[in-house]
Amino acid sequence: MLNIRPEQMAVFEKDGARRFEDEMLAHSKEFSPRLCELIGDDQLRVALKQSIGRAKEYGFSNRGPIRLYIELMFLAGSDFDTDPQYPGLGEVLRGRGAEMVRAEHIFERINDYRENVSGEYGVNARKALAYLVDFGRQPDPFTEDGLVSQLLAGMRASFPLKANYLGEPALLQLIAEGRAAAQRYGLKGSRAEAMIVILMFAFGHGCVADPLYPWISQVLTDEGITSAEARAQRLERKALTWLDHVLARPLPGGEA
């Protein structure tokens, strides 16, 4: 009879977790190839470990629900569970239903979002990112007094399907979060605040510390950058460079 001591069991559990992580690494590269290519395997593992850990905190233990949670990380950002842009997902996650029932409800919600907002292969989301690149290279259109209304107009212009789907209350909450985050990191001025809001609109409200977008937190926490203006300018340059790299890869369906 095989005798498995506790320390042996721990090794087996660790090996199983590593195999699953390897499997999710390969799956992630198929699900979001360009993003995975840009951040590299080491950073991707950081994001996967965080996502798997959070999925388990919500009571997900089966492979399918955890894989779904990881896919949502790519679609809506690592903090999608608390994002005002996706309140329904957080509600389901924190619900009392069985794991597979909650996962099915989330699957239905995200399919509805992809069908009505992001489009096949994310074509609508891609168009929104292209709009942001053009917008980011224009002179500053923001004023302090009119910032909220200007941001609402910008979000509706860049991604009207998403703005309409979310509704104004969610957009206003996101604007408030983005402006507060900008101030928290010492960024000053309407353009800097607007940039954080726009990044959150594009990559999720937790993008300032999301392992999928490490360049954001690196700039925001770089102690070598001594002025708020220089930090904002560096972040803007990084954002435009990142978006250029993302948009350089054609969509799977062949559409530019």
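At what angle do α6 and helix α10 pack, and how far apart are their axes? I looked this up first. The angle between α6 and α10 (residues 190-203) is about 170 degrees, and the axes are 11 Å apart. Axes here are lines fitted to C-alpha atoms, for helices over the stretch in contact, and angles run from 0 to 180 degrees between N-to-C directions. That makes α6 roughly antiparallel to α10; angles under 35 degrees count as roughly parallel, over 145 as roughly antiparallel, 65 to 115 as roughly perpendicular and the rest as oblique. On the α6 side I list Leu129, Leu132, Phe135 and Gly136, and on the α10 side Arg191, Ile198, Ala202 and Phe203. Contact means heavy atoms within 4.5 Å. By class this contact has six nonpolar, one polar and one charged residues. Ala, Val, Leu, Ile, Met, Phe, Trp, Tyr, Cys and Pro count as nonpolar, Asp, Glu, Lys and Arg as charged, and the others, Gly among them, as polar.

Notes on the model. I am reading a predicted model, where local features need pLDDT of at least 70 and side-chain atom pairs count only at pLDDT 80 or more, while totals for chains, interfaces and linings use all residues. Residues are numbered from 1 along each chain as its sequence is written, and side-chain values use heavy atoms, with hydrogens and water left out. Helices (H or I, at least four residues) and strands (E, at least two) are DSSP runs, numbered from the N terminus.

Entry: α6 and α12. I next took α6 (residues 123-136) with α12 (residues 228-247), whose axes come within 10 Å and cross at roughly 140 degrees. The two helices are therefore oblique to each other. The crossing of α6 past α12 is left-handed; left-handed means that the near helix is turned anticlockwise from the far one by less than a right angle, and right-handed means clockwise. From α6, Arg126, Leu129, Ala130, Leu132, Val133 and Gly136 meet Glu236, Leu240, Leu243, Asp244, Val246 and Leu247 of α12. I note eight nonpolar, one polar and three charged residues in this contact.

Entry: α2 and α3. Helix α2 (residues 33-57) packs on helix α3 (residues 63-76) at about 130 degrees, with axes 10 Å apart. This pair is therefore oblique, and its crossing is right-handed. Residues of α2 in the contact include Cys36, Leu44 and Arg54, and those of α3 include Tyr69, Met73 and Phe74. The contact has 12 nonpolar, one polar and one charged residues.

Entry: cysteines. Cys36 is buried at 3% relative accessible area, and Cys207 is buried at 0%. Buried means under 20% relative accessible area, exposed over 50%, partly exposed in between (1.4 Å probe, protein chains only).

Entry: two arginines. Arg156 lies in helix α7 (residues 147-158) and is partly exposed at 36%. Beyond its neighbours within four places in sequence, Arg156 contacts Ala163 and Glu168. Arg234 is in α12 and is partly exposed at 32%. Leaving aside neighbours within four places in sequence, I find Arg234 in contact with Val219, Asp222 and Ile225.
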